[in-house]
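Open your viewer, get your selection tool ready, and let us walk through this model together.

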Amino acid sequence: MHDSSDKLLSIIDEMKELERYLAILYGIAAARTNEPFIGAIMRKISIESAMHNYILTMLKSLIHECPPRRIFDLETLLSLQGSIEEAITHAKSLIDYMNSMEKVNYDITNTIIEKLNDLESYEENAVKVYSFLLRSYLPITSTRIDEKHRIISKLIIKLLKGISDDEKNHEEMLEVVREISLK
């Protein structure tokens, strides 16, 4: 595999890690809010983030089997990687912060609302990464040269599109939380 494929696999690993931390973060938020509506949204996002982590594990082996022909915009890929690393660091610190509040049995609803910008930013960055990955695989789906790669690419795209759509829904659900909190 060439450098861009190695970099892509590295980013998949980082996205797996981010999704794992987001699943934990949203799970804590769901368990520690006294607002059932907010808790339900946080729980849904937590479950879907855990599922994304699992799907990315499967995707990695598919990408090994069928690396993209060429990643045209390596600079964007590196920029996205920096955003992912930053999101992982922030998610970890937010988990620590929320866990520290547990000692005083504090309802973290207000903390969730205060951190909505951060949470929305995580979801927005995830959408960018998944969109970038989708663009890397779309050209392979129409190739006539290698049917196996074409079929695997279609599967990769279907899985990435599902995750990307979920991330967009997460952004919308967090916006609903914002709207409710303003009333």
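Is glutamate 17 buried, partly exposed or exposed? Select that residue and show its surface: glutamate 17 is partly exposed, because its relative accessible area of 28% falls between the 20% and 50% cut-offs. Keep in mind throughout that you are looking at a predicted model.

**Stop 1**

**Stop 1: the whole chain**

Zoom out and switch to a cartoon view. The protein chain has six helices and zero strands, and reading along the sequence gives the pattern α-α-α-α-α-α. Of the 183 residues in the chain, 48% are buried. Among contacts with a separation of 6 or more, 85% are between residues 24 or more positions apart. For a surface view, the chain exposes about 9500 Å², and carbon and sulfur atoms supply 53% of that area.

**Stop 2: salt bridges within a helix**

A search of the whole structure finds nine salt bridges. Having seen one that joins two helices, select lysine 128 and glutamate 124 next. Their side chains meet in a salt bridge, at 3.8 Å from N to O. Both belong to helix H5 (residues 116-141), and because they are four residues apart there, about one helical turn separates them. Lysine 128 is partly exposed at 40% relative accessible area, and glutamate 124 is partly exposed at 39%.

Move on to glutamate 175 and arginine 178. Here the salt bridge spans 3.7 Å, N to O. How many residues apart are these two in helix H6? They are three residues apart in H6 (residues 147-181), so about one helical turn lies between them. Glutamate 175 is partly exposed at 33% relative accessibility, and arginine 178 is partly exposed at 21%. Before you leave the charged side chains, select Asp13, Lys16 and Lys60: salt bridges that share partners join these residues into one network.

**Stop 3: a buried glutamate**

Now select glutamate 48, in helix H2 (residues 36-65). Is this residue buried or exposed? Glutamate 48 is buried, because its relative accessibility of 13% is under the 20% cut-off. Draw a distance to lysine 44: the side chains of glutamate 48 and lysine 44 make a polar contact at 2.3 Å. Beyond its neighbours within four places in sequence, glutamate 48 is in contact with Asp166, His170 and Met173.

**Stop 4: the nonpolar core**

In soluble globular proteins, nonpolar side chains tend to be buried together. Which residues touch the most other members of the largest nonpolar core in this model? Select Met15 and Met42, which hold that place in a core of 54 residues. Colouring the core by helix shows that H1, H2, H3, H5 and H6 each supply at least two of its residues. The largest share, 13 residues, comes from H1.

Stay with methionine 15 and display its surroundings. Leaving out residues up to four places away in sequence, methionine 15 touches Leu56, Ile84, Ala126, Val129 and Tyr130.

**Stop 6**

Phenylalanine 37 belongs to helix H2, and at 41% relative accessibility it is partly exposed.

Histidine 64 is partly exposed, with a relative accessibility of 45%.

Terms used: Residues are numbered from 1 along each chain as its sequence is written. This is a predicted model: local features need pLDDT of at least 70, side-chain atom pairs count only at pLDDT 80 or more; totals for chains, interfaces and linings use all residues. Side-chain values use heavy atoms; hydrogens and water are left out. A salt bridge is a side-chain nitrogen of Lys or Arg within 4 Å of a carboxyl oxygen of Asp or Glu. Buried means under 20% relative accessible area, exposed over 50%, partly exposed in between (1.4 Å probe, protein chains only). Contact means heavy atoms within 4.5 Å. Accessible areas come from the Shrake-Rupley method with a 1.4 Å probe; for residues, only the protein chains shown count as cover. A polar contact is a pair of N or O atoms within 3.5 Å; within protein, one must be able to donate a hydrogen and the other to accept it, and residues adjacent in sequence count only if both atoms are side-chain atoms. A nonpolar core is a set of buried Ala, Val, Leu, Ile, Met, Phe, Trp, Tyr and Cys residues joined through side-chain atoms within 4.5 Å.
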